[in-house]
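Please keep the sequence and the structure in view while reading.

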Amino acid sequence: MAITKLSNIGMPKGGGAAHLKNCISYIMNPDKTEGMVGGNAGTTPQEVYQVMIDTKQEWEKEGGRQGYHFVISFPPGEATKEEAYAVINDFCEEYLGEDYDYVFSIHTDQKHMHGHIVFNSVNRMSGYKYRYEKKDWEKYIQPLTDRICEKYGLPPLVYDKNNKIGKSYAAHYAEKEGRPSSEKIIKADIDFVIASSKDWDDFIRQMEGLGYKIRQKKYVTYIPPGFERGRRDSRLGPGYRAEEIKERIKNKGQEQGVEKILSHELSKVYEREIFQYTKTTLTVFQMKKIKNFYQTGHYLEEKNPYAVAWKEVRRNAVHIDQLYEECKYILEHEIKTEKDLLEKQKILIKKEAELFNQRKTLFSVEDKKIFQQYRVLKKRLADTPDWDDQFEIYQEELNDFLKEMPEGMLSAEKEKRQINAMLREVRHEKRIVNRMIEEEKSLNKEEKIAKKKGCTEIQHRR
């Protein structure tokens with residue numbers, strides 16, 4: 001019976017990611033693998049390591065645990081190297097997908113066939129850090145590995161419980177709520193605080209009491225606890241600007257129930273935007289998505305406002321937001337069938353890989369060291385008041401350093417920022433597309449089950 005061990009890869013005492021680099025090199029050792037190596041982060045140890053480091057730097061998550069190491073060990077004669085490769089390849093594609101940089105290999109240098117998986121601690125799509133929680137094996141991993149092993153005619157895998165690792169709250173919450181962004185977290189907390197606020201000042205005090213940092217200038221910026229960057233109120237959508245929040249506080253508790261009004265008003269705003277696209281003929285696929293969106297938006301109209309649970313309203317509002325995003329996307333990009341959606345996913349995966357490669361070629365290892373020195377000098381100058389005696393000294397050091405920098409390095413850094421911006425857009429599109437594909441798979445599965453049971457209709461989930 002195959003045994004699976006789960007362990008984490010930490011930082012050395014002196015900092016850095018040497019343990020991660022060594023682990024990648026070890027599992028990709030050609031003397032052990034006979035070329036049985038796969039993954040989505042590169043084909044050489046140095047390339048895989050650099051891709052993982054780039055992801056950490058992009059999300060500014062270079063500290064803490066660096067990665068995770070899974071080992072799947074088959075008893076002698078239970079699996080061929082091809083079967084072991086297929087099992088681990090399928091597992092990585094389904095469990096890690098495009099969310100995490102990973103590499104895997106099959107070691108054939110011993111009597112028992114065994115495979116290794118190393119993946120990054122930072123989610124390259126959301127920036128969340130992976131955390132394994134108690135019973136995650138039973139809830140998420142075991143059902144997946146059982147299904148894969150059954151597919152290849154192998155016994156199920158068994159977890160070695162002597163190995164303990166963990167998964168972040170954000171990742172755990174994301175599995176249940178659809179990978180919430182900082183925007184959704186902020187909006188949910190604003191909704192919660194409004195319900196108990198007397199006025200704007202009280203609202204700000206309560207938000208700060210939750211751990212928020214709030215800047216009030218032309219726009220109000222909310223920085224939630226645990227996040228390094230915040231969101232302006234102008235980017236949070238209808239109902240979340242300062243003046244709108246003040247109005248919501250003033251009018252809360254009115255006869256119809258403010259939560260229901262906001263949910264319904266939000267859906268009406270979205271409906272006006274969506275239906276401007278519907279003047280042309282729509283396909284069955286598009287109509288199904290729009291119908292689901294419309295039904296969800298009007299779901300609460302049929303309810304007694306005093307009987308509607310707050311969690312239900314909040315869940316419904318999140319769903320409206322997601323469905324609006326999906327409807328707008330398929331209409332703007334002329335996605336008319338499920339096949340178009342799958343093709344779009346392939347295009348986005350290819351585009352992401354191209355941008356990763358484009359960014360990788362901008363700087364050599366030596367260039368990166370030089371630019372790191374430049375950033376240190378620039379930050380030191382920025383942190384020094386201009387009245388300080390050291391200011392002019394630091395300024396002169398920075399100017400001298402700039403004269404010695406290779407020509408074109410600053411323009412390369414500007415190009416890197418542009419590539420990062422494009423990567424964020426591509427990843428955002430991928431999240432929308434992946435969400436719709438998973439929804440279609442789930443609905444298709446329900447339809448098959450319903451047909452077996454003799455059902456004639458599938459109710460859309462809200």
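In this predicted model, E352 has a relative accessible area of 1%. Because the limit for a buried residue is under 20%, E352 counts as buried. The residue belongs to helix α13, which spans residues 338-360. Leaving aside residues up to four places away in sequence, E352 touches E98, R124, M125, L423, V426, R427 and K430.

Several of these neighbours carry charge, and a general principle applies here. Side chains of opposite charge can pair when their charged atoms come close. E352 takes part in a network of salt bridges together with E98, D101, R124, R427 and K430. The count of salt bridges comes to 17.

Individual pairs show how such bridges are placed. One of them joins R435 to E326, with the closest N and O atoms 2.7 Å apart. This pair links distant parts of the chain, since R435 lies in helix α16 (residues 409-453) and E326 in helix α12, 109 residues apart. E326 is buried, at a relative accessible area of 5%.

A further bridge is formed between D109 and K32, whose closest N and O atoms are 3.0 Å apart. D109 lies in the loop between β4 (102-107) and β5 (114-120), whereas K32 lies in helix α2, so the pair ties together parts that are 77 residues apart in sequence. K32 is buried, with a relative accessible area of 18%, while D109 is partly exposed at 36%.

K346 counts as exposed, with 53% relative accessibility, and E343 is partly exposed, with a relative accessible area of 37%.

The surface also bears patches of like charge. D389, E392, E396, D400 and E404 gather in a patch of negative charge. One of these residues, D400, is found in helix α15, which covers residues 389-404; D400 is partly exposed, with a relative accessible area of 36%. A positive surface patch is formed by R215, K217, K218, R232 and R235. Within this group, R232 lies in strand β9 (residues 231-232) and counts as partly exposed at 44% relative accessibility.

The backbone deserves attention as well. Most residues other than glycine have a negative phi. E334, although not a glycine, has a positive phi of about 55°. This residue is placed in the loop between α12 (310-332) and α13 (338-360), and E334 is exposed, with a relative accessible area of 58%. E34 likewise has a positive phi, near 55°, and is not a glycine. The loop that holds E34 runs between α2 (30-33) and β2 (37-39).

The view may now widen to the whole chain. The protein chain contains 16 helices and nine strands. Of its 462 residues, 43% count as buried. Among contacts between residues at least 6 apart in sequence, 70% join residues at least 24 apart. The chain exposes about 25,800 Å², and carbon and sulfur atoms supply 50% of this area.

Methods. Residues are numbered from 1 along each chain as its sequence is written. This is a predicted model: local features need pLDDT of at least 70, side-chain atom pairs count only at pLDDT 80 or more; totals for chains, interfaces and linings use all residues. Side-chain values use heavy atoms; hydrogens and water are left out. Helices (H or I, at least four residues) and strands (E, at least two) are DSSP runs, numbered from the N terminus. Buried means under 20% relative accessible area, exposed over 50%, partly exposed in between (1.4 Å probe, protein chains only). Contact means heavy atoms within 4.5 Å. Patches are made of residues with over 30% relative accessible area and no salt bridge: like charges are joined within 9 Å, nonpolar side chains (Val, Leu, Ile, Met, Phe, Trp, Tyr) within 5 Å. Accessible areas come from the Shrake-Rupley method with a 1.4 Å probe; for residues, only the protein chains shown count as cover. A salt bridge is a side-chain nitrogen of Lys or Arg within 4 Å of a carboxyl oxygen of Asp or Glu. Lys and Arg count as positive and Asp and Glu as negative; His and the chain ends are not counted. The place of a charge is taken as NZ of Lys, CZ of Arg, CG of Asp or CD of Glu.
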